[in-house]
Amino acid sequence: MSVDTNPLRARQNRLLAALPDVEYELLIPHLKLVPLPYEQIIYQAEEPITQIYFPHQGAISLVSIMENGSTVEVGIVSNEGMVGIPVILGGKTTTTTALVQIPGSGVRMNADVLKTLFDQGGAIQSLLLRYIQARFTEITQGCACNRLHTLEERLARWLLTVSDRLQSDEFLLTQEFISQMLGVRRSGVTVAASTLSRAGMISYKRGRINILNREGLEATSCECYRVIRNEFSRLLGNSPG
């Protein structure tokens with residue numbers, strides 16, 4: 001009996017894993033395994049998106065960059081999703097920049113091919129539309145969170161989200177990066193992280209974060225973490241974690 005050794009048949013991306021076998025088989029000839037090195041630009045704001053990415057490990061940040069150079073993260077994608085949503089919505093550009101913040105690997109495919117398959121309907125269209133709704137919830141809830149909740153609550157939510165996406169309680173994140181993603185000063189992140197550390201919820205040393213008390217961190221986080229997690233679960237049958 002022959003053994004199928006094609007690594008693409010091991011679906012490490014959970015969005016692709018949710019597709020029926022028949023529809024996933026249509027994608028396989030178009031998928032290419034690729035590394036996702038730190039700070040790789042997936043696409044630039046206002047430039048045509050030609051490739052769609054489905055991460056296996058690591059994390060890709062969707063970042064809004066202001067005229068003065070300040071940045072804020074408006075979304076984070078790991079193996080629960082895809083990068084390149086504007087293409088299947090009919091647009092080829094967007095106002096955000098996508099870049100790898102935590103290195104890993106994934107698969108990519110030509111954007112036009114996925115758009116053609118999406119337009120044919122079926123399970124792939126239904127799944128991706130539900131994913132878009134989940135991402136819409138993440139963005140809108142994030143807007144409310146940034147306006148209404150404390151930095152400590154927001155940091156707890158963001159750390160939990162990164163942990164879920166990476167499926168790990170330990171990861172590398174510098175305070176400078178966290179401040180850029182949350183759109184706050186580094187000094188504010190230092191104070192908030194120190195508060196969480198003194199409470200025994202996390203340890204933080206040389207850019208390495210370890211979540212020590214997940215229940216405590218969830219209790220500290222605002223309700224936005226649960227709202228987003230539950231919406232991913234409702235729409236896709238799994239949470240972002």
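Is Thr161 buried or exposed? At 11% relative accessibility, Thr161 counts as buried, since buried means under 20% relative accessible area. The model is predicted.

**Helix α7 and its packing partners**

- Helix α7 spans residues 175-182, and six of its eight residues are buried, so the helix is largely enclosed by the rest of the structure.
- The buried residues of α7 are Gln175, Phe177, Ile178, Ser179, Met181 and Leu182.
- Helix α6, residues 151-166, packs against α7 at an angle of about 105°, and the two axes are 11 Å apart.
- That angle makes α6 roughly perpendicular to α7, because angles of 65 to 115 degrees fall in this class.
- On the α6 side, this contact uses Leu151, Arg154, Leu155 and Trp158; on the α7 side, it uses Phe177, Ile178, Met181 and Leu182.
- Sorted by class, the contact of α6 with α7 has seven nonpolar residues, one charged residue and no polar residues.
- Helix α8, residues 186-198, also packs with α7, at an angle of about 110° and with the axes 8 Å apart.
- The helices α7 and α8 are therefore roughly perpendicular to each other.
- From α7, the residues in this contact are Gln175, Glu176, Ile178 and Ser179; from α8, they are Arg186, Val189 and Thr190.
- By class, the contact of α7 with α8 has two nonpolar, three polar and two charged residues.
- Just after α7 comes Gly183, with a positive phi of about 70°.

**The aromatic pair and a charge over a ring**

- A pair of aromatic rings is described by the distance of the centres and the angle of the planes.
- The structure holds one aromatic pair.
- In this pair, the ring centres of Tyr131 and Phe232 are 6.4 Å apart and the planes stand at 75°, so the pair is edge-to-face.
- Tyr131 belongs to helix α5 (residues 122-148) and Phe232 to helix α10 (residues 224-236), so the pair ties together parts that are 101 residues apart in sequence.
- Tyr131 and Phe232 are both buried.
- The ring of Phe232 also has the charged end of Arg165 sitting over it, 5.2 Å from the ring centre.

- Thr161 is found in helix α6.
- Not counting residues up to four places away in sequence, Thr161 touches Ile76, Glu138 and Tyr225.
- Ser221 lies in the loop between α9 (214-220) and α10.
- The relative accessible area of Ser221 is 5%, so Ser221 is buried.
- Leaving aside neighbours within four places in sequence, Ser221 is in contact with Glu153, Ala156, Arg157, Leu160 and Arg226.

- Most residues other than glycine have a negative phi.
- Glu39 has a phi near 70°, a positive value in a residue that is not glycine.
- The place of Glu39 is the loop between β1 (32-36) and β2 (41-43).
- Glu39 is partly exposed, with a relative accessible area of 48%.
- Gln167 is not a glycine either, and its phi is positive at about 55°.
- Gln167 sits in the loop between α6 and β6 (170-172).
- The relative accessibility of Gln167 is 52%, so Gln167 counts as exposed, because exposed means over 50%.

- Ala17 lies in helix α1 and is partly exposed, with a relative accessible area of 41%.
- Between Ala17 and Glu80 there are 9.5 Å in space, C-alpha to C-alpha, and the two residues are 63 residues apart in sequence.
- Ala18 is in the loop between α1 (14-17) and α2 (21-27).
- With 42% relative accessibility, Ala18 counts as partly exposed.
- Ala18 and Glu80 are 62 residues apart in sequence, and their C-alpha atoms are 10.0 Å apart in space.

Key:
Residues numbered from 1 in each chain as written. Predicted model: local features only at pLDDT ≥ 70, side-chain atom pairs only at ≥ 80, totals over all residues. Heavy atoms only, no water. Axes fitted to C-alpha atoms, helices over the stretch in contact; angles between N-to-C directions. Helix = DSSP H or I, 4+ residues; strand = E, 2+ residues; numbered from the N terminus. Parallel < 35°, antiparallel > 145°, perpendicular 65-115°, else oblique. Contact = heavy atoms within 4.5 Å. Nonpolar A, V, L, I, M, F, W, Y, C, P; charged D, E, K, R; others polar. Phe/Tyr/Trp six-rings, centres within 6.5 Å; stacked < 30°, edge-to-face > 60°. Buried < 20%, exposed > 50% of the residue type's maximum accessible area, 1.4 Å probe, protein only. Lys NZ or Arg CZ within 6 Å of the ring centre and 35° of its normal.
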